Structure formats: structure tokens, C-alpha cells
Amino acid sequence: MAHRFTFEALERTLRDVMSSYHNSKTIFGGKVIVFGGDFRQILPVVPRGSRSDIVHASINASKIWDHRKVLTLTQNMRLQRNGTSDEVKKFSDWILKVGEGKLAVPNDGYAEIDIPKELLIVDYDEHIHAIVQSTYPKLIENYMSQHYLQSRAILASTIEVVDQINNYVLSLIPGLPNHKITLKIGTPIMLMRNLDQSEGLCNGQSLDNVGLYLPKEVFSHGQLYVAISRVTTKEGLKILIYDKDKKADNIVPTTTTNVVFKEVFANL
Ligand SMILES: Nc1ncnc2c1ncn2[C@@H]1O[C@H](COP(=O)(O)OP(=O)(O)OP(=O)(O)O)[C@@H](O)[C@H]1O
């Protein structure tokens with residue numbers, strides 16, 4: 001989500017531009033503005049910000065919010081592409097409960113939640129190999145296939161963990177790595193912003209296969225919800241929770257941290 005200052009700057013600019021037509025106090029200069037968003041998803045990033053700094057950077061902490069009319073989307077279209085069975089409904093409800101912090105009640109802030117057994121990768125020797133193998137089966141035969149690559153991704157909570165996965169995958173693919181930016185022709189990259197939507201060069205997407213790799217737990221509101229809500233089917237989601245000490249003792253972790261700042265839902 002963008003910082004509320006972004007919207008406030010637009011609001012003031014439109015009010016200024018439209019001031020000869022409207023009273024200079026008319027919000028957004030009298031223009032109707034449609035925003036899309038989901039408060040269960042990641043909130044504005046405030047470097048070294050506290051929970052309260054982050055919540056107060058959200059658009060619903062702005063004066064603009066007093067003028068909103070909220071319209072709510074109620075169906076998960078991403079999952080419904082593959083039918084509308086009871087199983088789809090159950091999975092869709094589970095995703096919402098994670099997002100709204102309704103699993104390990106009260107889940108206000110940081111809470112430990114159970115991950116359903118069928119989503120977990122538990123039987124493996126080497127953890128990075130296991131998540132890559134699960135998300136990118138037969139990688140060497142398929143790594144030049146655009147369809148194979150664009151429908152799957154491994155997600156993790158920090159950039160360091162993503163780098164580890166990238167380095168491992170690149171070590172499997174034949175060819176010399178580029179020296180400055182470690183890419184090879186055909187390897188998938190995640191875009192930080194939309195470049196060309198008609199060419200499919202956009203961020204945020206639906207994926208058939210998501211491998212969620214958690215050697216480090218999530219640390220901010222909405223991270224877990226965003227990760228688990230990328231898939232088009234429940235079968236497409238696999239989660240590997242890696243804990244070195246537990247693995248050494250042959251204990252399989254089945255819970256992970258979920259972070260929900262519930263006050264952000266208060267005035268929706
Ligand atoms: N009215 C619709 N009918 C059929 N499919 C739809 C409809 N709306 C959205 N979808 C499909 O649902 C998926 C998600 O849509 P979209 O990316 O627009 O949602 P979003 O809310 O921006 O997602 P998110 O915020 O979770 O990234 C896409 O695959 C899209 O094609």
C-alpha cells in the first residue's frame with residue numbers, strides 16, 4: 001500500500017488545479033477518485049517505523065478517509081478460476097482468516113498459527129533443494145519454457161533468503177552468470193513495478209505454484225496473507241518451515257508467525 005502522503009499530495013494538487021471551478025475546500029477538487037486495495041495486505045513501508053508509525057501511514061489514517069465510500073469485493077476470483085467447490089470455499093476462508101488474524105485468536109500483532117498438514121513440505125534432507133524441487137519440478141528440462149516459469153515462484157520473507165534461493169537455482173542452470181546483475185536468459189525475475197502490462201511485465205500476480213520458504217518467519221502485517229493468496233488452487237501452495245535446531249532433533253515445525261495489526265481494520 002502507498003503511504004497516505006502520496007494520496008494527500010494528489011488531493012492537494014487536484015484541489016489547486018480545480019480551484020477556479022470549485023470551492024478550494026472541495027476534496028480532490030471535486031473529482032471522483034477510485035482507489036483499489038486490501039488492508040489485509042502489506043501496509044506502507046516506514047523505514048525503522050514502529051507499529052503505530054506504519055498504521056498512521058495508511059490511507060485510512062488520513063483526513064481523506066472521512067470522505068470515502070467503501071465498496072467491498074466478496075469473491076476470490078483467483079481461486080474460482082478453477083471451480084467453486086466446498087474445498088475452494090474452505091481454502092478461500094482460511095486465507096481470509098490468516099489475513100484478518102482470526103486463526104490464533106486474538107492474533108493482534110504477532111501470533112503463532114498452525115499450517116494445515118497438507119500444505120507442508122516435511123519429508124526432505126536438504127531444505128533449499130526441497131523447496132526448489134517442489135516448486136520447480138524437472139527444472140533442467142523446463143527452464144527455457146516461458147509458461148513453466150511464469151506460473152510459479154518461491155516466496156520468502158527477506159531478500160537474503162531470496163538471494164540464497166536464486167543462487168542455488170542459478171547454480172543448477174547451465175551457462176555463465178552475468179557479473180553485475182545475476183541473471184541468465186530464461187530465468188524468471190520478480191518486477192518491483194509495472195513496466196508493460198500488455199506484455200505481461202507487471203508485478204503482483206496469480207501463480208499456479210507457490211513455494212513459501214520460511215527459514216525466517218514473516219515480520220510485518222500482511223506478509224503471510226499476501227504470500228498464500230497468490231495461488232489459483234490449494235494444491236499449488238506448498239510451505240516449508242525450516243528450523244535448523246528442530247531439524248537436528250527430527251522435529252517437524254507445523255506452526256509459523258502471522259502478523260496482523262488489527263487496528264488498521266477499525267474504520268473500514
Ligand atoms: N470479474 C472477474 N471474472 C473473472 N476473473 C477475474 C475477475 N476479476 C479478477 N479475476 C481474476 O482474478 C485474479 C486476480 O485479479 P486481480 O489481479 O485483478 O486482483 P487483485 O485484487 O489486484 O489481486 P491482489 O491484490 O491479491 O494481487 C486474476 O487472475 C483475474 O484474471
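I started at the ligand and listed its surroundings: Gln41, Met77, Arg78, Arg81, Ser206 and Arg230. A residue is near a molecule here if one of its heavy atoms lies within 4 Å of it.

I noted that the model is predicted, with local features needing pLDDT of at least 70, side-chain atom pairs counting only at pLDDT 80 or more, and totals for chains, interfaces and linings using all residues. Residues are numbered from 1 along each chain as its sequence is written, and side-chain values use heavy atoms, with hydrogens and water left out.

Next I sorted the shell by residue class. I found one nonpolar, two polar and three charged residues. The classes are Ala, Val, Leu, Ile, Met, Phe, Trp, Tyr, Cys and Pro as nonpolar, Asp, Glu, Lys and Arg as charged, and the others, Gly among them, as polar.

Then I looked up polar contacts, which are pairs of N or O atoms within 3.5 Å. A side-chain N or O atom of Arg230 is 2.8 Å from a ligand oxygen. For Arg78 the distance from a side-chain N or O atom to a ligand oxygen is 2.9 Å. For Gln41 I read 3.1 Å, again from a side-chain N or O atom to a ligand oxygen. The ligand taken alone exposes 640 Å², and the protein buries 40% of that. These areas come from the Shrake-Rupley method with a 1.4 Å probe.

I moved on to the sheet. It is open, holds three strands in the order S2-S3-S4, and its pairing is parallel. S2 (152-155) and S4 (237-241) are at the edges with a single partner strand each, so one side of each has no neighbour in the sheet. The twist averages 10° from one strand to the next, with axes as lines fitted to C-alpha atoms and angles running from 0 to 180 degrees between N-to-C directions. S3 (residues 209-214) pairs with S4 over five bridges, in the parallel sense. Two strands pair if DSSP finds at least two bridges between them. In that pair I saw Leu212 opposite Ile239 of S4.

Val105 and Pro106 are joined by a cis peptide bond, with omega about 10°. Pro106 is in the loop between helix H4 (86-100) and strand S1 (109-114). Helices (H or I, at least four residues) and strands (E, at least two) are DSSP runs, numbered from the N terminus. Asn107 is in the loop between H4 and S1. Its phi is near 40°, a positive value in a residue other than glycine.

Methods. Polar contact = N/O pair within 3.5 Å; in protein donor to acceptor, adjacent residues only side chain to side chain.
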